[in-house]
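These are my notebook entries on a first reading of one structure. I set down what I looked up, topic by topic.

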Amino acid sequence: MTDTTIARPAPVLAIHGGAGTLTRGAMNTEQEAQYRAALADILRVGQAQLAAGASAVDVVVEAVRQLEECELFNAGKGAVYTAAGTHELDACVMDGHGCRAGAVAGVSRTRNPILAARAVMEHSAHLLFVGAAADEFAARHGLEQVEPSWFGTPHRLEQLRRAQQLQSGVLRDHDGQELLARDVSSLRGDARVSGPIDELTKFGTVGAVALDAAGHLAAATSTGGMTNKQVGRVGDTPLVGAGTYANDVTVAVSCTGTGELFIRACAAHDVSALMEYASLSLAEACERVVMQKLPPDAGGLIAVSARGEVCLPFNSEGMYRGYARVAAGEPVVAVFRSE
């Protein structure tokens, strides 16, 4: 008698906290240790959840919620400012089991936008709510509301002031602007920009992808957007197939980068499509999208396949990232390209 049982891969969680230009002079700073510790702590929580049998949706939503609560990252508390000195936050969650999804854009009062996105997925026939209507929907479903000022920090306000002082238009979270390359150099050594990835030129999105013990995938992404962005601007994060995608047949993906570029490329879904229709491996599909289809310095993504494979590619200099498998020891955390 032949045993044809196929063992499921071990559950796994991967997360990201933004990408961009490395601040080489700060590679051994206390700030770097704080970033690494925050990522590792969140991964350990998710690892324990997965080991206890939690669903992929529960795990990615909780991981992103924790990232929203951490001021080190541009999502929730510590979100960047718009050109008008306000906050507009976006989030999306997608369940690979049935490809259900929910998203919000431009929220300014819901403490955890990722919880609002999940509420949309679970309690609405619609997929995406925007602005005040999104906050109202979240409030009706019992989610905590805060004063808009709660999201701000002196650090983020200084970023807005600097961006407007440099008259750089939108201070995108990468190093593609000559003006920034020239003028930001004068700020080196300032504690406000001394993280391992330059805070003045960093992609500011957070995300999580996971495979659970039942073989289901999920992805979640949240962001405060871009410093000095125009009011009403929406990037790739809340758009299914652009910044977030999950399908149990193929892969779960969460992106971080210049949103407009990821929207044009349908980047998250493209990884899945290349796997499903072209029979590419996860690594091959990610390579095609991030290194060939997207422009240089666009950013990166994290992906977990239905087979439990993990891929964390980026075409910028660095990306806050990490993953943890059940029963596989300590989480793996990295910032720099060489890791």
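Predicted model: local features only at pLDDT ≥ 70, side-chain atom pairs only at ≥ 80, totals over all residues.

**Entry 1. Cysteines.** The limit I applied for a disulfide is 2.5 Å between the sulfur atoms. Cys286 has 0% relative accessibility and therefore counts as buried.

I then asked how many disulfides the structure holds. The count is 0. Cys255 is likewise in no disulfide, and the nearest cysteine sulfur, in Cys286, lies 9.2 Å from its own. Cys255 counts as buried because its relative accessibility is 0%.

**Entry 2. Helix 1.** I next looked up the dimensions of helix 1. This helix has 22 residues and spans 31 Å from the first C-alpha to the last. That span is close to the 32 Å expected at 1.5 Å a residue.

I also noted which residues of helix 1 are buried; among them are Glu32, Tyr35, Ala38, Leu39, Ile42 and Leu43. Further along, Gly46, Gln47 and Leu50 are buried as well. After helix 1 comes Gly53, which has a positive phi, near 95°.

Gln66 is placed in helix 2. With residues up to four places away in sequence left out, Gln66 touches Ile42 and Val45. Gln66 counts as buried, because its relative accessibility is 18% and the limit for buried is under 20%.

**Entry 3. Salt bridges.** I looked up the number of salt bridges and found 14. Side chains of opposite charge can pair when their charged atoms come close.

I followed Arg44 through two of these pairs. Asp41 and Arg44 form a salt bridge, with 2.9 Å between the closest N and O atoms. Both residues belong to helix 1 and stand 3 residues apart, about one turn of the helix. An α-helix has 3.6 residues a turn, so residues three or four places apart point the same way. Asp41 has 43% relative accessibility and so counts as partly exposed. Arg44, at 34%, therefore also counts as partly exposed.

Glu330 counts as exposed, because its relative accessibility is 54%.

I checked one further pair, Arg100 with Asp95. Their closest N and O atoms are 3.1 Å apart, and the two form a salt bridge. Is Asp95 buried or exposed? Asp95 is buried, with a relative accessible area of 8%, whereas Arg100 is partly exposed at 37%. I also recorded a network in which salt bridges with shared partners join Glu32, Arg36 and Glu339.

**Entry 4. Aromatic rings.** I looked up the aromatic pairs and found 5. One of them is Tyr35 with Phe73, an edge-to-face pair with 5.6 Å between the centres and 80° between the planes. This pair also links distant parts of the chain, 38 residues apart. Tyr35 is in helix 1 (residues 30-51), and Phe73 is in the loop between helix 2 (56-69) and strand 2 (89-95). Both Tyr35 and Phe73 are buried.

Phe129 and Phe137 are both buried.

Returning to Tyr35 and Phe73, I found that they form one aromatic cluster with Tyr320.

My last item concerns a charge and a ring. The charged end of Lys77 sits over the ring of Trp150, at 5.2 Å from the ring centre.

Notes. Residues numbered from 1 in each chain as written. Heavy atoms only, no water. Phe/Tyr/Trp six-rings, centres within 6.5 Å; stacked < 30°, edge-to-face > 60°. Helix = DSSP H or I, 4+ residues; strand = E, 2+ residues; numbered from the N terminus. Buried < 20%, exposed > 50% of the residue type's maximum accessible area, 1.4 Å probe, protein only. Lys NZ or Arg CZ within 6 Å of the ring centre and 35° of its normal. Expected span 1.5 Å × (residues − 1). Contact = heavy atoms within 4.5 Å. Salt bridge = Lys/Arg side-chain N within 4 Å of Asp/Glu carboxyl O.
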